[in-house]
Amino acid sequence: MLKTVILWPAIAQFALIALCYLWLGITRRNAVTSGAVASTDFPPGVAEPDASATARRHLANQFELPLLFFVVLGFLFGVDGVSILELVVAWLFVASRLVHTIASLRGLLALRHAGFFIGFVLVCLLWLDLAVRIL
């Protein structure tokens, strides 16, 4: 198997993050055009419409657990630690983040927590796999 296939889940995760940026822009544009805010300035800590605040918080989440995902994929790539196992776990992580994103933006708290927990376990498995490979 070509080790570069492990980069496709990373690219997919990046695409999800890019969509979160797009969603934030849309919610902020809607807030401005609806008159919910006076300008396009959204300084941190200032009250903003719920949809925009939710999108902003969710985008910030994309730089927490997914960061550990990107790092472990880079290490696995670097040590030639890519097999079907790592590839499947990586794609499952991306799927869990998609579920987490949909649940977050729709206000489905239980599903959001489940998506996060599954993603956390999957990243832990990738790190454990890396540790075993370099022993």
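A crossing of two helices is left-handed if the near helix is turned anticlockwise from the far one by less than a right angle, and right-handed if clockwise. The model here is predicted, with local features needing pLDDT of at least 70, side-chain atom pairs counting only at pLDDT 80 or more, and totals for chains, interfaces and linings using all residues. Residues are numbered from 1 along each chain as its sequence is written, and side-chain values use heavy atoms, leaving out hydrogens and water.

**Exercise 1.** Work out how α1 and α4 pack.

*Solution.* Start with the axes, which are lines fitted to C-alpha atoms over the stretch in contact, with angles from 0 to 180 degrees between N-to-C directions. The two axes lie 9 Å apart at an angle of about 10°. The helices are therefore roughly parallel (angles under 35 degrees). Next, the handedness: α1 passes α4 in a left-handed crossing. Finally, the contact (heavy atoms within 4.5 Å) involves residues including Gln13 and Leu16 of α1 and Phe93, Val94 and Arg97 of α4.

**Exercise 2.** Is glutamine 13 buried or exposed, and what does glutamine 13 touch?

*Solution.* First place the residue: glutamine 13 sits in helix α1, residues 7–33. Its relative accessible area is 0%, so glutamine 13 is buried (under 20%, with a 1.4 Å probe and protein chains only). Then list its neighbours: leaving out residues up to four places away in sequence, they are Gln62, Pro66, Phe69, Phe70, Phe93, Val94 and Arg97.

**Exercise 3.** Find where the buried residues of α3 point.

*Solution.* Collect them: Leu65, Pro66, Phe69, Val72, Leu73 and Leu76. Viewed down the axis of α3, they fall within an arc of 120°, so they line one face of the helix. Their cover includes α1, α2, α4 and α5.

Key:
Helices (H or I, at least four residues) and strands (E, at least two) are DSSP runs, numbered from the N terminus. Buried means under 20% relative accessible area, exposed over 50%, partly exposed in between (1.4 Å probe, protein chains only). The arc is that of the directions from the helix axis to the C-beta atoms. Angles under 35 degrees count as roughly parallel, over 145 as roughly antiparallel, 65 to 115 as roughly perpendicular and the rest as oblique.
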